[in-house]
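Please walk me through this structure, with attention to the packing of its side chains.

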Amino acid sequence: MRGRAGHTATLVGKDIYVLGGRNGNEFFNDMWVFDTEIEQWNLLQAKVPFSPRAYHSCTLVNENELWVIGGSDPKMMHSDVHVFNTVSLKVFFMHFLLYKFLYCSSWECFTCISSFIVVLSSLIG
């Protein structure tokens with residue numbers, strides 16, 4: 001895995017899932033998993049089915065879903081939501097009203113509390 005900034009690292013059980021980020025002007029949409037028991041990196045997907053991005057949020061929901069929200073690349077700030085299932089290894093695109101809230105936001109923080117996703121956003125532009 002190449003060095004990067006603006007990526008996410010999310011703990012799911014014994015594994016840490018690393019998604020996207022950037023290295024200079026190169027943006028990534030790969031997903032890596034680090035097995036903390038054997039201390040080994042594995043490339044899970046070279047290209048997830050959405051655009052490369054950095055400064056997105058990735059939150060664990062329902063014990064096996066990584067919700068990837070927002071982020072940016074050199075041309076735009078994203079307001080999309082994707083769900084990666086860590087069991088089936090499939091990605092789903094979500095359609096709901098969060099788009100209006102996320103329009104042109106980046107550097108947000110999401111966390112799951114009970115059955116709610118709590119949002120904090122620090123850059124609107």
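A polar contact is a pair of N or O atoms within 3.5 Å; within protein, one atom must be able to donate a hydrogen and the other to accept it. In this predicted model, the side chains of His78 and Asp73 are joined by such a contact, at 3.0 Å. His78 belongs to the loop between strand E6 (65-69) and strand E7 (81-85). With a relative accessible area of 5%, His78 is buried, since the cut-off for that class is under 20%.

The largest nonpolar core has 12 residues, including Val12, Tyr17, Leu19, Met31, Val33, Leu66, Val68 and Phe84. At least two residues of this core come from each of strand E2 (15-23), strand E3 (26-35) and E6. Apart from this core lies another, of 5 residues, with Val61, Trp67, Ile69 and Val81 among them. In soluble globular proteins, nonpolar side chains tend to be buried together.

Tyr17 has a relative accessible area of 8% and is therefore buried. Beyond its neighbours within four places in sequence, the contacts of Tyr17 include Thr8, Val12, Met31, Trp32, Leu44, Leu66 and Phe84.

The structure holds 2 aromatic pairs. In one of them, the rings of Tyr17 and Phe84 have centres 6.4 Å apart and planes at 55°, so the pair is tilted. This pair links distant parts of the chain, with Tyr17 in strand E2 and Phe84 in strand E7, 67 residues apart. Phe84 is buried, at 2% relative accessibility. Phe34 and Trp41 also form a tilted pair, 4.9 Å centre to centre with 50° between the planes. Here Phe34 counts as buried at 18% relative accessibility, whereas Trp41, at 37%, is partly exposed.

Another ring, that of Phe28, has Arg4 over its face, at 4.3 Å from the ring centre.

Definitions and conventions:
Residues are numbered from 1 along each chain as its sequence is written. This is a predicted model: local features need pLDDT of at least 70, side-chain atom pairs count only at pLDDT 80 or more; totals for chains, interfaces and linings use all residues. Side-chain values use heavy atoms; hydrogens and water are left out. Helices (H or I, at least four residues) and strands (E, at least two) are DSSP runs, numbered from the N terminus. Buried means under 20% relative accessible area, exposed over 50%, partly exposed in between (1.4 Å probe, protein chains only). A nonpolar core is a set of buried Ala, Val, Leu, Ile, Met, Phe, Trp, Tyr and Cys residues joined through side-chain atoms within 4.5 Å. Contact means heavy atoms within 4.5 Å. Rings of Phe, Tyr and Trp (its six-membered ring) pair if their centres lie within 6.5 Å; planes under 30 degrees apart count as stacked, over 60 as edge-to-face and the rest as tilted. A charge sits over a ring if NZ of Lys or CZ of Arg is within 6 Å of the ring centre and within 35 degrees of the ring normal.
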